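Open the model in a viewer and keep the selection tool at hand. The stops below each give something to select and say what is there.

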Amino acid sequence: MSTLAHAVHDSKTMLRRNLKHALRYPAVSLGPAMMPILMLLLFVYAFGDSIGAGLGGGRDAYLEYLTPGVIIMGVAAGAMSTSIAVCQDMTEGIINRFRTMNITRSSFMTGHVIGSVITTVVSLVLVVGAALALGFRPDADPLEWLAAAGLIAAIAFAVAWLSAALGLISKTVESASNKPLLIQFLPFLGSAFVPADSMAPGLRWFAQNQPFTPMTETLRGLLTGSEIGSSGWVSLAWCVGITVIGYVWSRSLFNSTTR
């Protein structure tokens, strides 16, 4: 078996292991979907009429505006479970067992990252289902749906690598659950809930220059037909940058830890 084939085989094994863990603990795996759904219900029914009026419509208009942002929030929420899972494996002894086995070193992190992307996408199905039940009616064609799915997967992949690095630097599970909070909080400081143009100058500048705002605007444009502009390319650049940083950081940390 070639080196590449061996690495792919080991990565599949690690992925299967992580997906079995996800099935065994569905509350942890699907937990990231709960907060976005709760925020969707809260903002649509508590503030939908007033904010929707500011957008030139009513509650339905705000639901259309809010749903893409809540989906992006669901992607960011998956950071915690990834960080915790990596930290558990690194601190509870299983990594010592892996060291004694003929396993490609990269397969450990690859299995965690791809497993995280899959569980995040599955949890987002619940978020989209909740939005549709509330009355969200996207006008995307099949190609736009495919592009939206690709964007979500790219964001989840980038967030997973960064979260894995945060799990590697954590000494305890409690610490691993706290470190991704900034990632989870960033969508709140973007255009997920209200347009960035309506914010105070300092916050508006931050919202316009942080990664989740162009990601949200791109997804919103794909699903609802709003203008995307340069947000699509900016989103892809952010995804590539975050992925590279997370991958290099994770690989460096993992190699130094498992020598």
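Select R59 to begin: in this predicted model, R59 has a relative accessible area of 30% and is therefore partly exposed. R59 sits in helix α4 and D49 in helix α3, so the bridge links parts that are 10 residues apart in sequence. D49 is also to be shown with its surface: its relative accessibility is 46%, which makes D49 partly exposed.

Select R17 and D89. The closest N and O atoms of this salt bridge are 2.8 Å apart. R17 belongs to helix α1 (residues 3–24) and D89 to helix α4, so the pair connects parts of the chain 72 residues apart in sequence. Are R17 and D89 buried or exposed? Both are buried.

Move to R220 and E217, whose side chains also meet in a salt bridge, at 2.8 Å from N to O. R220 and E217 are three residues apart in helix α11 (residues 212–224), so about one helical turn separates them. R220 has a relative accessible area of 3%, and anything under 20% counts as buried.

D60 is located in helix α4, which covers residues 59–91. With a relative accessibility of 60%, D60 is exposed, because the cut-off for that class is over 50%.

For a patch of another kind, select M35, L38, L41 and Y45. Together they make a nonpolar surface patch of about 400 Å². M35 is in helix α3, residues 34–54. The relative accessibility of M35 is 44%, so M35 is classed as partly exposed.

Now go to helix α9, which spans residues 181–185 and includes F185. At 45% relative accessibility, F185 is partly exposed. Select A76 as well: 109 residues separate F185 and A76 along the chain, while their C-alpha atoms are 8.2 Å apart. I183 lies in helix α9 too. Is I183 buried or exposed? I183 is buried, as its relative accessible area is 9%. A distance drawn from the C-alpha atom of I183 to that of M80 reads 9.0 Å, for two residues 103 positions apart along the chain.

Last, colour the stretches that carry an annotation. The unreviewed UniProt entry gives "transmembrane region" for residues 22–45, 65–87, 108–133, 145–169, 181–207 and 227–249. Two of these spans can be looked at in turn. Residues 108–133 are 100% helix and 0% strand, with the end C-alpha atoms 38 Å apart. Residues 227–249 are 83% helix and 0% strand, and here the end C-alpha atoms lie 35 Å apart.

Note on methods:
Residues are numbered from 1 along each chain as its sequence is written. This is a predicted model: local features need pLDDT of at least 70, side-chain atom pairs count only at pLDDT 80 or more; totals for chains, interfaces and linings use all residues. Side-chain values use heavy atoms; hydrogens and water are left out. Helices (H or I, at least four residues) and strands (E, at least two) are DSSP runs, numbered from the N terminus. Buried means under 20% relative accessible area, exposed over 50%, partly exposed in between (1.4 Å probe, protein chains only). Patches are made of residues with over 30% relative accessible area and no salt bridge: like charges are joined within 9 Å, nonpolar side chains (Val, Leu, Ile, Met, Phe, Trp, Tyr) within 5 Å. Accessible areas come from the Shrake-Rupley method with a 1.4 Å probe; for residues, only the protein chains shown count as cover. A salt bridge is a side-chain nitrogen of Lys or Arg within 4 Å of a carboxyl oxygen of Asp or Glu. UniProt positions are given in the numbering used here, feature names are shortened, and annotations may be inferred rather than shown by experiment.
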